[in-house]
Amino acid sequence: MKNNPIENQELTIYYSMQCPYIHSNIEKIKQYCDTNGVPASFIEVDTLQKAKELPRVFNNWGVFYKGNFETVNLLDIAYLERILKK
């Protein structure tokens with residue numbers, strides 16, 4: 001299984017809009033990051049080719065922080081804060 005770190009050290013979320021909950025989740029996380037000065041990248045994966053090029057197996061959602069893979073689970077604010085404390 002692919003499990004490579006990424007170069008980007010900020011909070012990085014790869015996502016696909018195939019799940020109906022992702023849009024609202026992205027908006028909540030963007031708002032949190034803007035309010036709290038957390039640098040973040042949100043990268044939409046909208047083609048099979050993009051999904052194949054990712055550093056990890058992808059199923060609609062992938063979170064990296066400080067270059068390391070964190071989760072494929074959608075984030076709530078409490079989970080996001082735990083990741084950011086690492």
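Buried, as the word is used in these legends, means under 20% relative accessible area, whereas exposed means over 50% and partly exposed lies in between. The views below show a predicted model.

View 1. A disulfide is a covalent bond between the sulfur atoms of two cysteines, and the cut-off applied here is a pair of cysteine sulfur atoms within 2.5 Å. The cysteine sulfur closest to that of C19 is in C33 and lies 19 Å away, which is too far for a bond. Seen from the other partner, C33 is likewise in no disulfide, since the nearest cysteine sulfur, that of C19, is 19 Å away. The count by this rule is therefore zero disulfides.

View 2. Four strands form an open sheet in the order 2-1-3-4, and their pairing is mixed. Strand 2 (40–44) and strand 4 (68–71) are the edge strands, each of them pairing on one side only. On average, and with direction ignored, neighbouring strands of this sheet are turned by 25° against each other. Within the sheet, strand 1 (residues 11–15) pairs with strand 3 in the antiparallel sense, over four bridges. In a closer look at these strands, T12 stands opposite F64, a residue of strand 3.

**View 3. Helices against the sheet.** Helix 1 lies across strand 1, strand 2 and strand 3, and runs at about 165° to strand 1. Helix 3 (residues 77–84) also packs on the sheet, where it touches strand 1, strand 3 and strand 4, and its direction makes about 155° with that of strand 4.

**View 4. S24 in helix 1.** S24 is found in helix 1, which covers residues 22–36. With a relative accessibility of 38%, S24 counts as partly exposed, because this value falls between the limits of 20% for buried and 50% for exposed. The side chain of S24 reaches the backbone oxygen of Y21, at a distance of 3.3 Å.

**View 5. L54 in the loop between helix 2 and strand 3.** L54 belongs to the loop that joins helix 2 (48–53) and strand 3 (61–65). Although L54 is in a loop, this residue is buried, with a relative accessible area of 9%. L54 and I29 are 25 residues apart along the chain, and their C-alpha atoms are separated by 21 Å.

Methods:
Residues are numbered from 1 along each chain as its sequence is written. This is a predicted model: local features need pLDDT of at least 70, side-chain atom pairs count only at pLDDT 80 or more; totals for chains, interfaces and linings use all residues. Side-chain values use heavy atoms; hydrogens and water are left out. Helices (H or I, at least four residues) and strands (E, at least two) are DSSP runs, numbered from the N terminus. Buried means under 20% relative accessible area, exposed over 50%, partly exposed in between (1.4 Å probe, protein chains only). A polar contact is a pair of N or O atoms within 3.5 Å; within protein, one must be able to donate a hydrogen and the other to accept it, and residues adjacent in sequence count only if both atoms are side-chain atoms. Two strands pair if DSSP finds at least two bridges between them. Axes are lines fitted to C-alpha atoms, for helices over the stretch in contact, and angles run from 0 to 180 degrees between N-to-C directions. Contact means heavy atoms within 4.5 Å.
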